[in-house]
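Q: Could we go through a structure together, so that I learn how to read burial, folds and contacts from coordinates?

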Amino acid sequence: MIEARRLAKRFGPVEALRDVSFKTARGTITAVLGENGAGKTTTLKVVLGFLRPDAGAVSVAPGRIGYVPDRPAFFPWLDGWTLLGLGRSPAGGAESGNGREFRARVQAVSRELHFDPGLLRRRPASYSAGDARKFAYLQSLVPGPDLFVVDEPYASLDPPSVKAVRDVFAGLREAGKTVLLSSHMLAEMERIADGFVVIRRGATIAHAGLREWRLMRQSRAAPDLETVFLRLGGP
Amino acid sequence: MLDADILALTRRVTARRALASPAAVAAGLAFPAFIAWVGLADSYGAAEKLFYFLLPHVFLVAAQDMARTDIESGALENVLFAGGRFRGYLAAKGPVVAAAAAAYASVLFGLFAAWGLAAGACRPDVVVRFGLALLAGLYYVALAGLLGHFLRGGANVLTVLLAQAAALLALLFTASSRTGLLDYAATGRFPGAGAKALFAGLVAVLPNVTVSARPTPFVAEVAAGLGLLAVLRWRLLRDLELGGRRGS
């Protein structure tokens, strides 16, 4: 679904990525792990086409993309319904989301996310941080993504919402969709992900599936992902 | 970069933004109100001169927030614009804003021409003047679009207006002499290359001065400038990236 080969990206004097490579398969959840400033967000933005790599290449299988950034932002003059309507193809009907099927889909996904659809009459700028994040999920999930990319998936979410989002990821995997996450929450990632990409100082230092991770844990006598991560990171 | 989907999306976002801004709506209504007031208080002829001279500014006022505000707000780092579609959205903004301003200008032109016909003061050359005003307006959209990559909010438009104010102040000095730049332009005869170059500079800042019943060679400058600005903006958009080094 995604294949990144030797990605490099520089912002002036800062070398954000120098050698990032990984592959993800359809119907899997892959977690990109790394310390602050390791290059996780930059990697996601290259995959999504917001940034162009200076070297290397990334290929993404054709299909609809969903994306929830670490800090969601929206056009401040549009209310929730209108923003959702913008994601519909012109053939989909009324832009402001008046179609019955579209509304039913919005209601269903809102329920999954524990999001109050009554908020959609307001502008997302007036939402709480948690609701704004859930709205970003809603905006990405309503069109039915084939690839779902999320940066810090649980940021600003309360425990019931964390569970709801985790269930959404699991549902997407069961439906054969691909999920790519970037997170610091190692225990959560270990709970949900099938594969891990560890980035350190702009380079991939480990890329493994769940089984390989378990072997790595055993070989390093590590009780959990956090310990493996810390030992991989080194001094 | 541009496709039908992204054009439709840009049109919807831009229309909603314009309607959500009371200042934009007020500015849009103030222009015809001012022209009507001049026409009623003075004469249709006086209103006509002002109408065609100021019509390109409808395009200029419409071309605020062409890129920088959207980029800095983070709103383009949205699922709607993944896969490089943010470049298409920003590229489409120019044509969308130009088309909206042209449609509004055409309505005003129709109303104004109808007023002229009713008053028996409408001449056939108004079509030429309207065409030249449209060209100058498109030039403004391209200029404000380019400036909008570097200046946020309405600062791109304000910069053009300040440059125009400076140019007009400079003109006041030449107007005090027996013949000034505008006199030369009106006759089409310049005393030398220096005066011609000065007027060309004025046209680059204030293309409204080319709007007349008789097109001058300076119209070609406006058209060439429009093309050049469009190419420069296209190159900026082609290389544009979002969110460099905001996260990790």
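**Reading a two-chain model**

A: Let us start with one residue of this predicted model: A:Leu83 has 25 C-beta neighbours inside 10 Å, and it therefore counts as buried.

Q: Where is A:Leu83 placed, and which residues does A:Leu83 touch beyond those up to four places away in sequence?

A: A:Leu83 belongs to helix H2 of chain A. Leaving out residues up to four places away in sequence, A:Leu83 touches A:Phe74, A:Phe75, A:Leu78, A:Pro124 and A:Gln139.

Q: How is the radius of gyration of chain A to be read against the globule rule?

A: The first step is to list the elements, and chain A has 8 helices and 9 strands. For its 235 residues the globule rule gives 18 Å, and the radius of gyration is 18 Å, so chain A is as compact as a globular protein of that length. Along its principal axes the C-alpha trace of chain A spans about 55 × 40 × 30 Å. Buried residues account for 43% of chain A, and among its contacts with a separation of 6 or more, 69% join residues 24 or more positions apart.

Q: What do the corresponding values look like for chain B, and how many helices and strands are there in chain B?

A: Chain B holds 10 helices and 0 strands. A compact globule of 248 residues would have a radius of gyration near 18 Å, and the 20 Å of chain B agrees with that. The C-alpha trace of chain B spans about 65 × 45 × 25 Å along its principal axes, buried residues make up 36% of the chain, and residues 24 or more positions apart supply 74% of the contacts with a separation of 6 or more.

Q: Which residues have the most contacts inside the largest nonpolar core?

A: In soluble globular proteins, nonpolar side chains tend to be buried together. Here the largest nonpolar core has 124 residues, and those with the most contacts inside it are A:Val149, B:Phe59, B:Ala63 and B:Val141. Helix H6 of chain B, residues 126–147, gives the largest share of this core, with 14 residues. Not counting residues up to four places away in sequence, B:Val141 touches B:Phe59, B:Ala63, B:Gly94, B:Val97, B:Ala98 and B:Ala101.

Q: How many residues of chain A are in contact with chain B?

A: On the side of chain A, 35 residues are in contact with 25 residues of chain B. H1(A) gives the most to that side of chain A, with 4 residues, and the side divides into 17 nonpolar, 11 polar and 7 charged residues.

Q: Which scores does the model carry, and which element of chain B has the lowest mean pLDDT?

A: The model scores ipTM 0.87 and pTM 0.89. Chain B averages a pLDDT of 89, with 96% of the residues scoring at least 70. Among the elements of chain B, helix H8 (residues 181–187) has the lowest mean pLDDT, 73, whereas H6(B) has the highest, 96.

Technical notes. Residues are numbered from 1 along each chain as its sequence is written. Chains are lettered from A and ligands numbered from 1 in the order in which they are written. This is a predicted model: local features need pLDDT of at least 70, side-chain atom pairs count only at pLDDT 80 or more; totals for chains, interfaces and linings use all residues. Two residues are in contact if their C-beta atoms, placed from the backbone, lie within 7 Å. Helices (H or I, at least four residues) and strands (E, at least two) are DSSP runs, numbered from the N terminus. Ala, Val, Leu, Ile, Met, Phe, Trp, Tyr, Cys and Pro count as nonpolar, Asp, Glu, Lys and Arg as charged, and the others, Gly among them, as polar. The radius of gyration is taken over C-alpha atoms; the globule rule is 2.2 Å times the number of residues to the power 0.38. A residue is buried if 20 or more other C-beta atoms lie within 10 Å of its own, exposed if 12 or fewer, and partly exposed in between; C-beta atoms are placed from the backbone. A nonpolar core is a set of buried Ala, Val, Leu, Ile, Met, Phe, Trp, Tyr and Cys residues joined through C-beta atoms within 7 Å. pLDDT is the predictor's confidence in each residue, from 0 to 100.
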